[in-house]
Amino acid sequence: MRKLVSLALAAALTVTTLRAQGIEHGVMPAPRSIVLAPGGVRVDSGLTVALTGFRDARLERATIRMIERFEARAAQPMSRSLGATSGARLVIDVKAAGFAVPDLREDESYTIDVDATRATLTANTVVGAMRGMETLLQLQAYDRTGGFLPAARISDAPRFPWRGVNIDVARHFHPVAAIKRTLDGMAAVKLNVLHWHLSDDQGFRADSRTFPRLTGLGSDSLFYTQDEMRDVVAYAADRGIRVVPEFDVPGHTTAWMVGYPELASAPGPYQIERRWGVFHPTMDPTRESTYQFLDRFIAEMVTIFPDRYWHIGGDEVDPTQWKASTSIQEWMTRNGVKDLHALQTHFNKRLFTMLDKHQREPVGWDEILQPDLPRNAVIQSWRGMNGLTQAAKQGRPAILSAPFYLDHIKTSAEMYREEIIPAGLTDAEAALVLGGEACMWAEYVTSETLDSRLWPRLAAVAERFWSPAHVTDVGDMYRRLDLVSRRLEEAGTLHASHTGRMLRRIAGSSDAATLETFLDYARPRGFAGRGTNQLSPLTRLIDAALPDPLGGWRMQLLAQRAVSGDTAAARMLRRDFARMATFETALHEMQPRVPLARDGFELSGALGTLARIGIEALDARRATTTPPAARSARSDSLLKSIEGKTFGLLRPVGAEAVRILLTN
Ligand code: ACM
């Protein structure tokens with residue numbers, strides 16, 4: 001079923017895109033400039049690769065990984081000798097190593113030139129070459145003989161130097177394997193920052209030898225050893241990805257205080273927090289011992305995390321403990337610190353001095369943007385665009401996250417349509433915007449569901465971060481997303497197998513197949529509203545559902561084509577509606593065998609209604625007489641009761657298509 005939908009999608013999108021652009025490629029993020037031509041070079045056992053310029057072990061490893069992926073696709077052995085042979089079919093010419101440790105200032109540009117005999121990838125740095133290799137892998141096309149790299153001229157460089165994703169491993173822990181496959185997916189779509197949210201109220205995940213009770217008492221034994229963290233940093237560096245650690249302070253710190261209650265602004269004892277939200281435990285910014293602790297902790301962690309940047313968190317500081325503490329209030333009076341914002345700024349300034357000593361630059365969530373904050377901090381704007389705008393206007397570097405919260409379960413299109421540079425900035429201010437980060441908060445995500453919440457939507461966000469601002473065609477984005485989604489699994493991610501894997505736990509095979517079809521028309525509800533905590537299993541129908549099933553966009557396209565008179569599209573859409581109408585009965589029928597099918601009851605009823613309105617609208621289009629106004633009004637009001645609504649824990653897919661039919 002999923003395969004059929006996917007093929008139909010590809011067919012529908014190809015037609016539209018070809019018509020619009022006269023050319024198509026599968027590269028995502030879209031390069032700055034790409035021109036395709038007929039012909040090209042074969043990708044078969046004769047594919048020989050030569051490194052003709054600078055070479056080092058990192059470049060060689062990256063090249064071998066690329067060859068292995070080409071080889072697996074062709075199912076033919078390929079040479080791994082990377083000699084400088086003149087007859088090589090793929091020549092990689094690198095000027096220099098670039099930064100030894102992945103760096104914000106890295107030159108990631110590259111060019112690709114494929115003619116009838118040879119493909120040439122040129123880059124100034126090893127990382128630039130890696131970006132180009134991912135493009136080559138995505139560029140591969142097929143004809144009757146097999147795979148080939150089409151003749152092409154590509155010139156590419158990122159729009160922004162900071163293109164990241166924040167992975168929360170505190171709310172739910174994601175083991176090293178999950179982080180590594182995420183890094184592989186990131187490399188495939190040219191993301192270059194893993195922002196690792198290593199501590200929060202619900203867990204402390206980085207092992208410290210200086211302070212062993214941090215993980216000893218604050219992690220449920222779910223943490224990374226120092227060797228594991230070093231391994232992740234090396235794995236990321238091998239793919240040109242920076243790792244920015246975040247130890248969120250002074251709020252979101254309950255897990256620190258389980259082992260070290262003296263850090264808090266109120267006496268303990270403290271327990272690992274199991275609920276979601278913002279909690280009272282907050283570090284005491286008035287005690288020297290707090291800074292001595294943090295200084296020793298940072299001194300230890302900078303030996304593991306070589307990146308120039310260090311994320312201090314700084315978000316959602318709950319002032320309850322600060323207000324209630326007489327010693328803190330007295331300290332503020334004595335030191336002329338006028339309010340609680342100023343107290344946090346005092347804390348931040350102490351921290352920045354410490355980071356400076358350890359040769360690290362601070363990054364913080366936008367709450368840290370208070371008058372008096374030192375200039376060098378990078379502001380991560382998450383509560384809207386305002387933090388970004390204010391930071392840039394004050395001459396500070398900034399990155400944008402607000403529109404890219406993956407846990408809010410927006411569609412790829414919704415996130416893709418966001419622009420990163422706010423209106424009203426001068427060129428100089430806009431130049432301070434370093435890029436963006438998607439956020440994968442883990443209240444409702446486990447390592448089992450992580451991939452499906454990241455991918456493929458993160459690829460659409462990656463395009464927003466990399467590609468020129470004028471690349472905004474949502475239809476073409478979805479066409480390429482369908483292709484890149486399959487290639488991401490080749491790189492190691494597990495999102496495409498996700499739904500089937502979870503459904504096989506929920507139901508037997510034939511019921512699982514029905515539920516999988518049902519989930520083609522279902523999305524999880526947005527952030528929150530589940531009433532779960534850290535100990536609740538996340539193994540229900542909502543967890544198996546995908547954030548943005550591609551069928552939703554496919555149905556919108558079919559509806560657009562149907563209203564412009566395409567009868568084949570109308571027939572395909574009718575088949576969708578016919579399917580949607582079956583779930584109410586099917587889910588009730590399977591209920592005795594599959595208790596969790598009840599999660600879909602409410603939505604199955606709504607899908608039945610959508611199907612009825614949709615079929616009526618298609619019928620009305622076919623009829624020669626216009627439908628009575630009363631019926632249109634009834635359809636409209638029924639549709640309004642479904643559009644944008646949540647049914648149990650699920651939301652419908654297909655309402656947009658029905659809306660197109662009703663209004664055109
Ligand atoms: C955040 O989402 N609290 C940064």
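The model is a predicted one, in which local features need pLDDT of at least 70 and side-chain atom pairs count only at pLDDT 80 or more, while totals for chains, interfaces and linings use all residues. Residues are numbered from 1 along each chain as its sequence is written, and side-chain values use heavy atoms, with hydrogens and water left out.

Phe518 is likewise buried, at a relative accessible area of 0%. The ring centres of Phe518 and Phe583 are 5.3 Å apart and the planes stand at 70°, so the pair is edge-to-face; rings of Phe, Tyr and Trp (its six-membered ring) pair if their centres lie within 6.5 Å, and planes under 30 degrees apart count as stacked, over 60 as edge-to-face and the rest as tilted. Because Phe518 belongs to helix H19 (residues 509-519) and Phe583 to helix H23 (residues 583-590), the pair ties together parts that are 65 residues apart in sequence. Helices (H or I, at least four residues) and strands (E, at least two) are DSSP runs, numbered from the N terminus.

## Other aromatic and charge contacts

By the ring rule, the count comes to 23 aromatic pairs. One of them joins Trp382 and Tyr405, whose ring centres are 6.2 Å apart with planes at 15°, so this pair is stacked. Trp382 lies in the loop between S14 and H12 and Tyr405 in the loop between S15 and helix H13 (412-416), so that distant parts of the chain, 23 residues apart, are linked. Trp382 is buried at 19% relative accessible area, and Tyr405 is buried at 6%.

Ring pairs also link Phe204, Phe211, Phe247, Trp256, Tyr260, Phe293, Phe297 and Trp310 into a cluster. The charged end of Lys190 sits over the ring of Trp466, 5.8 Å from its centre, and Arg464 lies over the face of Tyr416, at 4.6 Å from the ring centre; the criterion is NZ of Lys or CZ of Arg within 6 Å of the ring centre and within 35 degrees of the ring normal.

## Nonpolar cores

The largest nonpolar core has 103 residues, and Leu194, Trp196 and Trp256 have the most contacts inside it; such a core is a set of buried Ala, Val, Leu, Ile, Met, Phe, Trp, Tyr and Cys residues joined through side-chain atoms within 4.5 Å. Apart from this core lies another, of 46 residues, among them Leu515, Ile542, Ala570 and Phe577.

Four of the five residues of strand S3 (residues 90-94) are buried. Strand S3 runs parallel to strand S2 (residues 49-51), to which three bridges join it, and pairs in the parallel sense with strand S5 (residues 119-123) over five bridges; two strands pair if DSSP finds at least two bridges between them. Ala50 stands opposite Val91 in S3, and Val94 has Ala123 of S5 as its bridge partner.

In helix H12 (residues 386-393), the buried residues are Gly387, Leu388, Thr389, Ala391 and Ala392. These pack against strand S14 (378-381), strand S15 (398-400), helix H14 (427-430) and strand S16 (433-440).

## Confidence

The protein has a mean pLDDT of 94, with 96% of its residues reaching 70 or more; pLDDT is the predictor's confidence in each residue, from 0 to 100. Confidence is lowest in helix H1 (residues 2-21), at a mean of 40, and highest in strand S9 (residues 193-200), at 99.

How values were computed
Buried < 20%, exposed > 50% of the residue type's maximum accessible area, 1.4 Å probe, protein only. Contact = heavy atoms within 4.5 Å.
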